Structures are given as structure tokens and as C-alpha cells.
Amino acid sequence: MAVSLYGLFCLLLLTTTSFCFAANVTYDHRALVIDGKRRVLVSGSIHYPRSTPDMWPDLIQKSKDGGLDVIETYVFWNLHEPVRGKYDFEGRNDLVKFVKLVKEAGLFVHLRIGPYVCAEWNYGGFPLWLHFIPGIKLRTDNEPFKAEMKRFTAKIVDLMKQENLYASQGGPIILSQIENEYGNIDSAYGGGAKPYITWAATMATSLNTGVPWVMCQQKDAPNPIIDTCNGFYCDQYTPNSNNKPKMWTENWSGWFSSFGDPLPYRPTEDVAFAVARFYQLGGTFQNYYMYHGGTNFGRSSGGPFITTTYDYDAPIDEYGLLRQPKWGHLKDVHKAIKLCEEAMVETDPKTTSLGSNLEASVYKTESGKCAAFLANVGTQSDATVKFNGNSYSLPAWSVSILPDCKNVVLNTAKINSMSTVTKFVHQSSEDGATETDAFSGWSWIYEPVGISSNNAFTKPGLLEQINTTADQSDYLWYSLSIEMKGDEPFLEDGSQAVLHVDSLGHALNVFINGKVAGGGNGRNSNPKVSLDVPVSLVPGKNNIDLLSSTVGLQNYGAFFDLKGAGVTGPVQLKGLKNGSTADLSSQQWTYQIGLKGEGLGLSTGSSSLWVSQPALPKNQPLVWYKTTFDAPSGSSPVALDFTGLGKGEAWVNGQSIGRYWPTNIASSNGCTNSCNYRGSYSSNKCLKNCGKPTQLLYHVPRSWLKPSGNLLVLFEQAGGDPTKLSFATREVQSICSRVSESHPIPVETWTADEETRKRTGPTLSLGCPHPHQVISKINFASFGTPHGSCGSFSHGRCSSERALSIIEKACVGSRSCSVGVSVNTFGDPCAGTAKTLAVEASCA
Ligand code: GAL
């Protein structure tokens, strides 16, 4: 009965939805098999809580337009079950809505339940209450842990089933993941590891989702679970059984950033190379981690020290704009690979050497289909290879794709897609108003130094922070009162004693007798803080107040959950009489979890304590600030520029936009503006932003704003000047393209007909990012030997005089334009020289 009702329902919906009748998802040696058909699939990660429900449809559409078949997301346990047994699936946590939107767009879903997810997410996605269950040991063969993990996994699976979201029910979910990269660290768990993984596999399978499960980075994943690869390259991966397909669950499209470190980026040509190599060598499922990275709102970032931005240098940027040429070039790669799909799914590739570092892989089927990939995996020299009697030029570190085993539809190092230069436009420079005009005036409340709450408690010795706060707040006060008898030499001669403090991290502010005495912080690679602070003490009673703050809890590594934080000591007073040292570590310390202002709910702006006199405190630690503002005009994404502020958290209309820390400056070494894409990428190979604040601008989602009267609250921990804050909008400044005579023709004009192809030839295309815009101005055009990249083109030795007028005629006034890159269009400014067309344009 249920089935036929479902069938009826389906018939009714058939006209409006793209999925309806249940799909049968299985797998074999070659691929995932959907309704009996092997598929070559391209997937991308978008984590729903890292954007807003208002942004989801656009992000999903841009993913579809970019050639994705599948959207992947983790499921974030700590968001959905903040208190044991109390669930939250609202707003940004509305997983069902997200999955349904993906379905509406006609895409599939890969649901990585974990429930440990890593993901640069606080505590790897585990809720903190888990840690406090008696006898629990996380991620090992431990009954209390397994019971909780099973309960949550089943909860999510049931929720998806209730909503008919599995492919087996007519929904979009074709795949699920259990655990995450446990194989990277399982040896540390000794004898508990293997039984745990076996249990996890059985538990997941027993939930009867009707679709396959994967475990990533788990070479011993038990049947029927598919073991999959994560990394910058996965072409050499082989699954643990010949009955499982070669799948790549995380192709890192860039890398995450940490406060105090420069920003990693990954060149487009290298991502494209890695993708093409994977499909060349038998892969049939690949997922970009991330396709849209987004924002770590609130206190969701992991770490420690993961930034609030999770941009990741992904094909769609943090603000939801296309990152070009990455998005466009990968779209072309996807199309090229899809042209090979029919041959690829029928057979294994046969790979042969064409010379040193040169490889041809051919998918040739009995029915006569043929697709080939030619690779130059050398990092230095371009090469010319002979293949099937024809010759092909292969730039170093590139793959050419030949959907008919003869003609090249794409080379990963030759980008046909346009580029964009995006920038933040400050409101002031737009409308001529001064920056402070955006805000209606400030009021403030001082956060008291030291203990101010009734809930404070006293204990002998120094407490580890996470066990004490249970992460209810970033903040823990450690307070101590000491008596100076008056006969200490430094009290008489004016010299200072030194307070030594050792902390596991992550950041520390030291106050002596209510005044700032020093502070410091760790970094992602070493969160510890060790301070020697010169202190001025007075005869009699002295107050030592240490404010320890966490900046995102550890998310990766064996036993990451047990990595502590806070002032675990020793805390010593050095330079006492006779050069002696007093160890204060085991004194009676008084503790306060969190800030007074947090207890009062100041982030919502309420309270009668706000002061608004002219004398706004500036550059003083521990101040809550409040103001109201009008939304920046237009519809472009909005950012708050935190120039002038120190470290803290900010709320817009009660919603936390995350931790801010503009004074945390990226180290000055290791950056390069022009990273060579040739050669193996690693997360510190290509860095930018050295010597600058790691993150100055913070995303304020449009959907959180009203036209006017928006509330902004800051908690400033270190000291800053809020009147220096300003708004900026994220805009596309210009669009560019650079295509040479030797580029393949646009992938969308691919046709097996040689004549048509010859007539087409390499083509430069430009298009404005917004539908209502047209190309308003050509800022640069050169056909010849132009130098530079988008935003900094210059003419080379050879340059056609007609280029600018030809491009202006073809493009200005249109939303998009295409021009043949050939002497037929431009004449020949330098016969015998290989020529390139470079264009930069503006849209309005
Ligand atoms: C992987 C992990 C992801 C993410 C990534 C780095 O090891 O599975 O969750 O943390 O590294 O961004």
C-alpha cells in the first residue's frame, strides 16, 4: 500500500521535480551504478551551516552550472544536538531543506554523516557533552561512545528516510559516509581501532539506507563499504577490492587558513591537472573539498586558530561569487570528461608510456568507442608526443583530453575560461560619506576584570580549560589574590618582579591589580602560550587575573578531543627576595566561566547598562560596544572591515558573524604572487597575504540585514577603536581573458566534425557576472605577445593595432562576446611568432 501511494504521489509530482521514482544505487569495479547505469560523477562540497539558507539556491545553481552532478556535505552533530537529546534543525541547521534544494536543482547528494567530521569545525563536529559521559572514549571500541554514535547516525538516517531523501526512496542521496579519515590515525588507538571500524561498518550498513556507504582514508574498510581517497592528488589510489570503484572524496581545491598564518591558494591549472589525472587512471567519482567553503559563523571554527573565513580558494568564493578562472576552467574540464563518459564506464583504461614522464591512457570499448588522456607529468619541459600517428604538444604538468582518441578538446594547462578581479569596495569611497557615517553612534559597557559572577568557584591548583568550561564560552578567568609583606626588594627599589605563565593555549591576557600587564597567543602549529610578564606589585594585597581564551577547539589528530587548553601552569612569580621564585600553581585559584556580558546576553543589545556619553572608550581592553547601522545599498555581498579593532566576537542583529582578530598578522615569510603550478602542490606551496592581517574582512550575510536600524554588538577583548569600522561590498572589478592561437577550441563547441572545428578555432569569450550588466569598457586588448595577468596586462613587443577597436566593436554593449583568436580576425602583427589575445573589460 505504502508503495503505491508513493507511486501516486510521484506521478503527481512528476511534472515539477526531476527525481521521483526510486533509483537503485549500487557499485562495481568501475563506478557507482545508478539504475543499472555506471556513472562518471563530479561532486563538490558545500557545508550548509557555512552559508545561509538564502544563499543555498544560488550556490547550488552555480554548482550545477559548473558541471557538478553531486553536492557533498558533512552533517554537524554539535549543531544538531547542542544538548543531549535536544535537536536543532532550524535556519542554517536545516539539513532537510538543504538536501531538498539540491534535489530541486536536479543534483545528487553525498551525505557524510561522520559523525566525526574534522572539517576545521569546532571539536571535529562532536558535541562537547560527549566528552563528559562517564567512561567514554571517543572514536574507539568503547560502548558508551558507540551507543551515542549509533544513536545520532540513526537519527539522521531516520530523518532522511522520513523525508524520502534517499535515492532508494526517490530522493537525491546516492551515497553516505561513516567516520572520517580514521585510517590516518588509527594506529594510535591500538587494539580498539579495528573492532571499532568493523563495528562502524556493520552499524552503518544495518541502517538500510538503500545506498552505498564509504569510508575515506580507510584502507581496511570492511565490505560492502567503499574505501575512498582524500588528498591533493588521488590518481595512484586503488581501492581495497576489485569490486569497488576508485573514488576521490576530497580533492582539496585550496586549503584552509589560520589566524597568524598567510592565506593558501591552489593554482587552477594544478587542480585541473589533478582532476584529469584521476579520471585518466580509472577514477569515476571525484569531489572538490571545498566547492564553496563559506564562513565559520559564531564559534563554529575548529582549530585551534582556524579563521572565520573558510574561503578555501574554492571555485565559489566565501561570498558566493564565482572564483574565475577556477570555476570556469573546471567547468570545461568536467565537460571534457563527460564527453568521454561512455567509453570510460565500459572499460578500464590501458596506460602506456610515450617517453619519460609522458603517459597515454586509452579507454577503448568493444563497441568501438574510444577516449584518451595524454599526460605530461614532468615539471620542467613541454613535450611533443606521437599518439596514434598524430603529434600533440603537451605542456609540462598537463593532461590533454581526447574524447575521440584523436582530437584534443581540452588541455588542463590551457585556460579558455575568463578570469575576474574581485575587490571589496568600501562604502565611503562609493557614496562619498565618511566611514563612520554608516553607524549611528556608539554605546558601551565595560566587562569587569577578574571575577564578577556569582557562579565563580575556588579550587586548589590550575584547571584545564575545556574540562572546566565545557566550551560554554571561549573565556575562563583564573584569579588569585596574593599578599606582599612589604619586604620584597622589588617593592622598595622600583624594579619589577616577573610573572611566568605557561598555558596550553590559545590566547591569554594578564591583568595585575586590574590593569593590563601583558598577553600573548599561540598559533595553529603550536597553540601553547608561555609568558614572562614584568609586573608591578604593591605591599599588601595584589590581584592576579588571567583571562584565558580558546580560539576554536582542536578538530584533527589521534585523541584530538583530549588536547587541553588554558593555564595548566606552572604560574610563578620570579625575582623575589634572594632571587627566589614563588610557585603559585597550587594556590587556591578562583574561576569564572565566561564573561559577565555573556551572562547578561549583551550580544542581543538588550540591558539597561549601555552607556552612551561622548567619551567613548578606545584602545582599552574588555569593552562591549553597540551601535546601529543601515545596510549598504545594492545587493552585493557585504563585509565588515575590522581595521582598528583587536580581537573579539561580533553580532549583527543578534547573530554571531564569528570571531574577529585583525591584529593577528600573518607571518612575513613564504609568500609568492605567482606560484608555479607545475609540480606537486602542498598546503604551504602557494601562500599570499604575508605580513598582513590574516583576516581583516568578515562576511555579514545579506539575509541578516534589514534596510535600516541594524544592531551591531562587539565584544572587544584586547582593545580597539570601533569608530574605524567600515562596511565594504564584494564586487567584480573587471573581467579578463587570455587565449593563445594554440589553445583548444571552446569545449562547448566540440564536435567530431573536423571541418566545423577548423572553422571555429581558439576563441576568447567574456561575459558579465550579473544578468542585468553589459560590457561597458575595454580596458586593455592586445593580440600579439602581451605580458602579465588579469588586472596587470601590458603590451609586448608584438601587438596588433586593430585589437582594441575589434574587441570594442564585438563586446561593448553586450552581456557577453566571443572573438576568434586568429590572424583572420586581427591580421598578423608578427609572422612566425605564436600569438595570444589578452583582454580586460569592465561591466556596468
Ligand atoms: C581532511 C578532513 C577534512 C578537512 C580537510 C582539510 O583531512 O577529512 O574534514 O579537515 O582535511 O581541510
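Over how many bridges do strand β34 (residues 648-652) and β35 pair, and is the sense parallel or antiparallel?

A: Strand β34 (residues 648-652) and β35 pair in the antiparallel sense, over 5 bridges; strands here are DSSP runs of E of at least two residues, helices are runs of H or I of at least four, and both are numbered from the N terminus. Two strands count as paired if DSSP finds at least two bridges between them. The model is predicted, with pLDDT of at least 70 required for local features and 80 or more for side-chain atom pairs, while totals for chains, interfaces and linings use all residues. Residues are numbered from 1 along each chain as its sequence is written, and side-chain values use heavy atoms, leaving out hydrogens and water.

Within this pairing, V652 has Q655 of β35 as its bridge partner. The two strands belong to an open sheet of 5 strands, ordered β21-β32-β38-β34-β35, in which the pairing is antiparallel. Its edge strands, each pairing on one side only, are β21 (443-446) and β35 (655-660). On average, neighbouring strands of this sheet are turned by 15° against each other, direction ignored; axes are lines fitted to C-alpha atoms, for helices over the stretch in contact, and angles between N-to-C directions run from 0 to 180 degrees.

Another open sheet, also of 5 strands, has the order β13-β14-β15-β18-β19 and antiparallel pairing. Here β13 (350-355) and β19 (410-411) are the edge strands, pairing on one side only. Strand β13 is joined by 5 bridges to the antiparallel strand β14 (residues 358-364), and T351 has S361 in β14 as its bridge partner.

Among the helices, α4 (residues 95-104) and α5 (residues 143-162) have axes that come within 11 Å and cross at roughly 50°. The contact has 6 nonpolar residues and no polar or charged ones; Ala, Val, Leu, Ile, Met, Phe, Trp, Tyr, Cys and Pro count as nonpolar, Asp, Glu, Lys and Arg as charged, and the others, Gly among them, as polar.

Helix α4 also packs with α2 (residues 56-65), at an angle of about 40° and with the axes 10 Å apart. The pair α2 and α4 is therefore oblique, and the crossing is right-handed. W56, P57 and I60 of α2 meet K97, F98, L101 and V102 of α4. By class, this contact has 6 nonpolar residues, 1 charged residue and no polar ones.

Some local backbone features lie in loops. Most residues other than glycine have a negative phi, and most peptide bonds are trans. N223 and P224 are joined by a cis peptide bond with omega of about 0°, and P224 is in the loop between β8 (213-216) and β9 (226-231). A cis peptide bond with omega of about 15° joins Q324 and P325; P325 lies in the loop between β12 (285-292) and α8 (326-338). D471 has a positive phi, near 60°, and is placed in the loop between α11 (465-469) and β23 (475-484).

Notes. Parallel < 35°, antiparallel > 145°, perpendicular 65-115°, else oblique. Left-handed = near helix turned anticlockwise from the far one by under 90°. Contact = heavy atoms within 4.5 Å.
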